[in-house]
Amino acid sequence: MVRMALTALAAAILSIQPGHYARGVEPAQMEALERRIAAGPSLADLVRYAYSVNPGIEAAREAWRATVERYRITTAYPDPQLMMTYYPEPIETRLGPQDWNLNLTQALPFPGRLSKAGDVVEADARIARLELDRAIRDMLVKVRESYHELLYIQDAKKVVNLNRDLLDHLRKVGETSYAQDRAAFVDVVKAQSQSAQIQYDLILLEDLEQTEKGRLNALLNRAPGKPIGRLLPHALSPVLYQIEEIYALANENREEIRMAETGIERASANKELAFFENLPDFRLGFFYGGIGEPDVPVPPRDAGSDAVGVQFGLSIPLWFGKNQGRMEEARAKERRARAMKEVEVNEAHAQIRSFYFRLKNSERLVRLYGDQLLPQAAQAMEISETWFREGQGSFSDFVETQSAYYNFQLALARAKADYGKYLALLERFVGRSLTQRDDGERDE
């Protein structure tokens with residue numbers, strides 16, 4: 001009775017946890033989110049919507065619940081066996097003919113075996129919970145990546161449209177200047193080719209936008225063609241952690257590393273379970289046989305009494321090779337689990353170093369283009385236009401400076417998108433924000 005109570009309590013505790021991840025959004029709130037997504041969503045709107053409806057998260061959640069339910073199955077006693085035997089020709093016994101008998105047996109594992117099997121399943125349940133955490137994490141990262149990519153495309157379209165109008169103006173100025181012998185024909189052709197290139201860029205960006213919207217809609221469990229409005233910009237904040245601190249956070253929080261640690265615990269519990277599997281199992285039984293009245297002149301005093309018996313048996317772990325192999329297999333799996341943890345840590349550190357470099361490089365590019373190159377290109381374009389109008393510069397210089405300004409605008413938008421994507425990928429390793437410290441410090 002005590003064991004049954006403990007088993008029920010453990011199963012109840014485990015079954016409570018998945019509900020923490022089953023938080024949903026009320027239908028009215030979902031409708032409001034749907035309207036905001038169609039009109040122009042923020043990153044928070046997309047994340048909340050995806051968290052509520054993404055089927056990958058639901059699949060991981062149900063896998064966890066299935067593992068939790070397996071605890072009660074694993075720690076339960078085997079089902080009792082009932083067998084009835086009927087004799088068409090009754091067997092003659094001293095007490096009379098036996099027409100039938102009944103056997104009821106119950107297998108009893110060696111004490112402690114079921115609890116060790118339960119420890120293994122508990123480790124499986126913790127791993128399944130971490131799988132759910134990882135599914136949520138990966139979904140959030142994918143949404144953030146898609147958001148920044150779509151935001152770049154929309155910003156690039158805005159840049160292209162502005163520069164298309166400027167190039168149309170330049171082309172007309174070049175054609176007029178050529179008619180007045182103030183510009184060479186090759187300069188006019190260059191302006192026309194630049195205009196054609198921008199038209200191609202606009203068509204390409206339109207296709208890329210529809211493709212990225214289809215990817216984002218898939219993450220949101222929406223139809224591919226459902227509308228997504230112009231995204232609201234998301235402020236890019238600097239990382240407040242040094243690389244060594246990020247390593248430490250990853251060792252503590254990364255789901256794959258925590259799963260590897262739990263895998264070691266599971267392997268250790270499995271090794272202890274293997275020891276119990278080498279011990280005998282017991283079997284208790286009850287026997288009942290129906291005896292008829294004997295057909296003899298002088299029956300025994302207890303003639304016709306039914307046969308009743310109690311049975312006891314045990315398995316004999318006689319094959320020592322099998323027993324030793326079971327233990328060595330468990331030890332090998334434990335060593336493998338420890339090695340796999342080291343692999344996960346090393347791979348995490350290598351990827352963190354790579355993403356940290358790319359993040360910092362994108363941050364440098366944002367500052368380079370935003371603070372230096374783009375203002376300089378804008379100033380150079382104004383100067384070249386002034387010089388051209390005053391006859392002190394060539395039309396070709398005017399076109400070249402405009403082209404540089406256009407490319408710097410696209411490069412700045414690309415660097416901002418890359419910064420947001422690499423920040424999301426880096427935060428995937430640490431399971432928390434890297435732009436805000438525990439003490440609340442934040443650089444705006």
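Predicted model: local features only at pLDDT ≥ 70, side-chain atom pairs only at ≥ 80, totals over all residues.

Residues are numbered from 1 along each chain as its sequence is written, and side-chain values use heavy atoms, with hydrogens and water left out.

First, the overall layout. The chain has 10 helices and 4 strands; helices here are DSSP runs of H or I with at least four residues, strands are runs of E with at least two, and both are numbered from the N terminus. Starting at the N terminus, the order of elements is α-α-α-α-β-β-α-α-α-α-β-β-α-α. Of the 444 residues in the chain, 42% are buried. Buried means under 20% relative accessible area, exposed means over 50%, and partly exposed is in between, with a 1.4 Å probe and protein chains only. The chain exposes about 24500 Å², and carbon and sulfur atoms supply 56% of that. Areas come from the Shrake-Rupley method with a 1.4 Å probe, and for residues only the protein chains shown count as cover. As for contacts, meaning heavy atoms within 4.5 Å, take those in the chain with a separation of 6 or more: residues 24 or more positions apart account for 81% of them.

Next, helix H4. H4 covers residues 55–74, which is 20 residues, and reaches 29 Å from its first C-alpha to its last, close to the 28 Å expected at 1.5 Å a residue. The expected span is 1.5 Å times one less than the number of residues. Which residues of H4 are buried? They are Ile 57, Ala 60, Arg 61, Trp 64, Thr 67, Val 68 and Tyr 71. Seen down the axis of H4, these buried residues fall within an arc of 115°, so they line one face of the helix. The arc is taken over the directions from the helix axis to the C-beta atoms.

A salt bridge here is a side-chain nitrogen of Lys or Arg within 4 Å of a carboxyl oxygen of Asp or Glu. The whole structure has 36 of them. One is between Glu 69 and Arg 72, with the closest N and O atoms 2.3 Å apart. Both residues lie in helix H4, 3 residues apart, about one turn of the helix. Glu 69 is partly exposed at 35% relative accessible area, and Arg 72 is partly exposed at 46%.

In one, the side chains of Glu 255 and Arg 137 meet at 3.1 Å, N to O. Glu 255 is in helix H8 (residues 255–277) and Arg 137 is in helix H5 (residues 113–179), 118 residues apart. Are these two residues buried or exposed? Both Glu 255 and Arg 137 are buried. In the other bridge, Lys 157 pairs with Glu 209, the closest N and O atoms being 2.7 Å apart. Lys 157 is in helix H5 and Glu 209 is in helix H6, 52 residues apart. Lys 157 and Glu 209 are both buried. Salt bridges that share partners also join Glu 131, Arg 134, Arg 137, Asp 138, Arg 254, Glu 255 and Glu 256 into one network.

Now helix H9. Glu 363 lies in H9, which spans residues 320–389. With 13% relative accessibility, Glu 363 counts as buried. Leaving aside neighbours within four places in sequence, Glu 363 is in contact with Pro 238 and Tyr 419. Ala 339 also lies in H9, and at 38% relative accessibility Ala 339 counts as partly exposed. Ala 339 and Ile 264 are 75 residues apart in sequence and 9.4 Å apart in space, C-alpha to C-alpha.

Then the loop between helix H6 (185–219) and helix H7 (243–253), where Asn 221 is found. Asn 221 has a positive phi of about 60° although it is not a glycine. At 48% relative accessibility, Asn 221 counts as partly exposed.

Last, the surface. Leu 82, Leu 104, Phe 286, Val 308 and Val 310 form a nonpolar patch with about 520 Å² of accessible area together. Patches are made of residues with over 30% relative accessible area and no salt bridge, joining like charges within 9 Å and nonpolar side chains (Val, Leu, Ile, Met, Phe, Trp, Tyr) within 5 Å. Phe 286 sits in strand E3, residues 282–291, and is partly exposed with a relative accessible area of 37%.
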